[in-house]
Amino acid sequence: MSINNEKISSYGQMPTANPGTMVSAGVGTVPGVKIYKFSGGAASWFGTQILGVLITICTIGICYPFAVVLVERWRAKNTFLHGRQLLFIGTGWGIFGLWIKWLLLSIITLGIYTFWVYPRLMQWKVENTVYA
């Protein structure tokens with residue numbers, strides 16, 4: 001289940017073992033081979049961050065979800081897991097309604113609700129990151 005209580009498709013997910021198949025930890029890994037690889041550079045990161053900040057400032061935080069998507073796509077594009085590139089499939093519109101709700105609740109509670117926003121936003125990011 002996703003943050004919006006939607007079923008998550010198996011698109012881009014690692015295959016699972018059949019029922020009854022025993023899989024031990026470390027199976028499929030080669031000693032000495034890196035599991036993770038990150039290929040992002042400072043210039044592209046800086047440009048992405050500046051654009052995200054401008055989007056957020058110019059809209060007084062309302063379009064922050066679109067800035068999050070921009071940054072997450074950059075991170076996923078430059079991250080490789082077991083030699084496979086990651087892909088961020090989330091959209092700004094996909095979390096926009098929740099973001100407005102979170103923003104209003106944070107304002108009403110004088111910022112206390114932000115303690116619940118961060119874990120939910122992180123959950124949404126992880127649920128929308130798949131193998132390319």
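These legends describe close-up views of the helices and the sheet in a predicted model.

**View 1. The four-stranded sheet.**
The sheet is open and holds 4 strands. Their order is β1-β2-β3-β4, and the pairing is antiparallel. Direction ignored, neighbouring strands are turned against each other by 35 degrees on average. In a regular strand, side chains alternate between the two faces of the sheet.

**View 2. The pairing of β1 with β2.**
β1 meets strand β2 (residues 79-81) in the antiparallel sense. The pair is joined over 3 bridges. Which residue of β2 is the bridge partner of Lys37? Phe80 takes that place.

**View 3. The β2-β3 hairpin.**
β2 and β3 run antiparallel, joined by 2 bridges. Leu81 has Arg84 in β3 as its bridge partner. The two strands form a hairpin with 2 residues between them. His82 sits in the turn and has a positive phi of about 55 degrees.

**View 4. The pairing of β3 with β4.**
Here, too, the strands pair in the antiparallel sense, over 3 bridges. Leu86 has its bridge partner in β4, namely Tyr131.

α2 lies across β1, β2, β3 (84-88) and β4. The helix runs at about 170 degrees to β3. The residues of α2 are 64-77.

Helix α1 covers residues 42-58, a run of 17 residues. At 1.5 Å a residue, α1 should span 24 Å. Its end C-alpha atoms are 24 Å apart, so the model agrees with that expectation. Just after α1 comes Ile60, with a positive phi of about 55 degrees.

**View 5. The contact of α2 with α3.**
The axes of α2 and α3 come within 8 Å. They cross at roughly 140 degrees, and the two helices are therefore oblique to each other. The crossing of α2 past α3 is right-handed. From α2, the contact takes in Tyr64, Pro65, Phe66 and Val69. From α3, Gly92, Trp93, Ile95, Phe96 and Trp99 take part. By class, this contact has 8 nonpolar residues, 1 polar residue and no charged residues.

**View 6. The contact of α2 with α4.**
Helix α2 packs against α4 at an angle of about 45 degrees. Their axes are 12 Å apart. That angle makes α2 oblique to α4. α2 passes α4 in a right-handed crossing. Tyr64, Val68, Val69 and Glu72 in α2 face Leu121, Trp124 and Lys125 across the contact with α4. The residues there divide into 5 nonpolar and 2 charged, with no polar ones. Tyr64 and Val69 also belong to the contact of α2 with α3.

**View 7. The contact of α3 with α4.**
Helix α3 (residues 92-108) and helix α4 (residues 114-127) have axes that come within 10 Å. The crossing angle is roughly 170 degrees. Why is α3 called roughly antiparallel to α4? Angles over 145 degrees count as roughly antiparallel, and the pair therefore qualifies at roughly 170 degrees. α3 contributes Gly94, Ile95, Trp99, Trp102 and Ser106 to the contact. α4 contributes Thr114, Val117, Arg120, Leu121 and Trp124. By class there are 6 nonpolar, 3 polar and 1 charged. An α-helix has 3.6 residues a turn, so residues three or four places apart point the same way.

Key: Residues numbered from 1 in each chain as written. Predicted model: local features only at pLDDT ≥ 70, side-chain atom pairs only at ≥ 80, totals over all residues. Heavy atoms only, no water. Axes fitted to C-alpha atoms, helices over the stretch in contact; angles between N-to-C directions. Parallel < 35°, antiparallel > 145°, perpendicular 65-115°, else oblique. Contact = heavy atoms within 4.5 Å. Nonpolar A, V, L, I, M, F, W, Y, C, P; charged D, E, K, R; others polar. Left-handed = near helix turned anticlockwise from the far one by under 90°. Pairing = 2+ DSSP bridges. Expected span 1.5 Å × (residues − 1).
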